[in-house]
Amino acid sequence: MPARTPTRTRAPATGGGAAAGTGGVRARLPWWAVAPPVAAFTALFLLLTAPGQAPGAGAEPAVGRIIDQLRHTATR
């Protein structure tokens, strides 16, 4: 004989952030779960806003040196 699933007789309690009548799920994160992504985003944002101050920004790119070497070799 199959077991019967009880039916809900009352509407779920919605409070705060959940929309009324939608039965939304509220998830609460601890502070330490939010801090690493915020720190990583901030560090990457700072690198994007000041790329000229990054180490090696003034150096010639390696791809450019390889292309120059190939061009020099091909013209011999």
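Which residues form a nonpolar patch on the surface?

A: Happy to look at this with you! This is a predicted model, where local features need pLDDT of at least 70, side-chain atom pairs count only at pLDDT 80 or more, and totals for chains, interfaces and linings use all residues. Residues are numbered from 1 along each chain as its sequence is written, and side-chain values use heavy atoms, leaving out hydrogens and water.

The patch is formed by Leu29, Val34 and Val38, which together have about 280 Å² of accessible area (computed by the Shrake-Rupley method with a 1.4 Å probe; for residues, only the protein chains shown count as cover). A patch takes residues with over 30% relative accessible area and no salt bridge, joining like charges within 9 Å and nonpolar side chains (Val, Leu, Ile, Met, Phe, Trp, Tyr) within 5 Å. A salt bridge, in turn, is a side-chain nitrogen of Lys or Arg within 4 Å of a carboxyl oxygen of Asp or Glu.

Let's zoom in on Val38. Val38 sits in helix 1, which covers residues 31-49 (helices are DSSP runs of H or I with at least four residues, strands are runs of E with at least two, and both are numbered from the N terminus). With a relative accessible area of 47%, Val38 is partly exposed; that term lies between buried, under 20%, and exposed, over 50% (1.4 Å probe, protein chains only).

Now for the setting. The chain has two helices and zero strands, and buried residues make up 1% of its 76 residues.
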